[in-house]
Amino acid sequence: MLEKMQEQIKKGVTMFALHELDDTKQKRCWFVEKAEELPSFLQSEHIKELFHEKKSAYWKDGDTSYMLECVLPKTPLYIMGGGTIALFLAQMAQMCDFEVHVFDDRKEFADSHRFPWAEEVLCMPFDELFSCYHFQKDAYFVLVTRGHLNDEKCLKEVLQLSYAYVGMIGSKRKNTIIKNHLLSQGYSKEKIDSIHAPIGLKINSTTPSEIAVSILAQLIQERAALQPQESQIDVWKKITSDCIIATILDHQGSTPRGTGSKMLIFLDGH
């Protein structure tokens, strides 16, 4: 079952691990994608609601305890443009568990050696990119190309997709011009209002690295609103040999890690 779960999360599928526990050990465990795949006696409204909300939780039912873990894939972040801001943003976003993809139409900027933290670096004209590339659903898009024409070109394409976030670099004046232009072309006000432009949180940033920090802060803020729990996907991928999985079942007060946080302990002690 573990192998099946690891295979599914590599494909970007959200999986759930439900552990049945007593006072001394784990009795049983199920790895499933949907609540309907569980045994019928476990398909309570409580569990179905946790699956629907993609939440991890711990609870007791008589002498038996249960721990449900939602294992979410990493959040895909598509950065249009490989300039200086993208350079800092890609590095920090990867550290914060975003799956980073970088696109530029210039070979010297779309270089995997320049972006060793990215899952993918692709050199392609923006005119062609959206017609042949498969973007993941509910992804995050950051538009930091070298010019406002490319930004607007990418923005129009992103607005046709299923996205969780789209932000565009530029001054208030530039962004107002682009938004008004899109409105005049028939894009709805709802779509226009979903654009984060100017991009990033207001922290009085001026340098490229500071601007990248402000953008990443906004990405984290948006992700936390939609996906409040940690996914732990890297932990499950690291299970390649026999080990013990130590999991926090519950916590009280201020703790550095919450319910569902894990540590792997291998036979050699690491």
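I began with lysine 189 and aspartate 193, whose side chains meet in a salt bridge at 2.7 Å, N to O. I take a salt bridge to be a side-chain nitrogen of Lys or Arg within 4 Å of a carboxyl oxygen of Asp or Glu. The two residues are 4 apart in helix 7 (residues 189–193) and therefore separated by about one helical turn. Helices (H or I, at least four residues) and strands (E, at least two) are DSSP runs, numbered from the N terminus. I noted that lysine 189 is exposed, as is aspartate 193. For accessibility I use these classes: buried is under 20% relative accessible area, exposed is over 50%, and partly exposed is in between, with a 1.4 Å probe and protein chains only.

**Basis of the entries**

The model is predicted, so local features need pLDDT of at least 70 and side-chain atom pairs count only at pLDDT 80 or more, while totals for chains, interfaces and linings use all residues. Residues are numbered from 1 along each chain as its sequence is written, and side-chain values use heavy atoms, with hydrogens and water left out.

**The chain as a whole**

I recorded 9 helices and 12 strands in the protein chain. Its C-alpha atoms fill a box of roughly 65 × 45 × 40 Å, taken along the principal axes. Of its 270 residues, 43% count as buried. I also looked up contacts, meaning heavy atoms within 4.5 Å. Among those between residues at least 6 apart in sequence, 56% join residues at least 24 apart.

**Further salt bridges**

The search of the whole structure gave me 11 salt bridges. One of them joins the side chains of lysine 262 and glutamate 69 at 2.5 Å, N to O. This pair links distant parts of the chain, with lysine 262 in strand 12 (residues 262–266) and glutamate 69 in strand 4 (residues 64–71), 193 residues apart. Are these two residues buried or exposed? Lysine 262 counts as buried because its relative accessibility is 15%, and glutamate 69 counts as buried at 3%.

I then looked up lysine 153 and aspartate 127, whose side chains meet in a salt bridge at 3.1 Å, N to O. Here too distant parts of the chain are linked: lysine 153 lies in helix 5 and aspartate 127 in helix 4 (residues 126–132), 26 residues apart. Lysine 153 is partly exposed at 31% relative accessibility, whereas aspartate 127 is exposed, with a relative accessible area of 57%.

I also noted a network of salt bridges that links Glu20, Lys27 and Arg28.

In helix 5 (residues 148–158) I looked up asparagine 150 as well. Asparagine 150 is buried, with a relative accessible area of 12%. Leaving aside neighbours within four places in sequence, asparagine 150 is in contact with Asp105, Phe126 and Thr145.

**Cysteines**

How many disulfides are there in the whole structure? My search, which asks for a pair of cysteine sulfur atoms within 2.5 Å, finds 0. Cysteine 96 is in no disulfide, and the nearest cysteine sulfur, in cysteine 70, is 20 Å away. Cysteine 96 is partly exposed at 27% relative accessibility. Cysteine 132 is exposed, with a relative accessible area of 55%.

**Backbone**

I noted that most residues other than glycine have a negative phi, and most peptide bonds are trans. The peptide bond from alanine 197 to proline 198 is cis, with omega near 0°. Proline 198 lies in the loop between strand 10 (195–196) and helix 8.

Lysine 54 is not a glycine, yet has a positive phi of about 55°. I found lysine 54 in the loop between helix 2 and strand 3 (57–61), where it is partly exposed at 38% relative accessibility. Aspartate 138 also has a positive phi, near 55°. Aspartate 138 belongs to the loop between helix 4 and strand 8 (139–143) and is partly exposed, with a relative accessible area of 48%.
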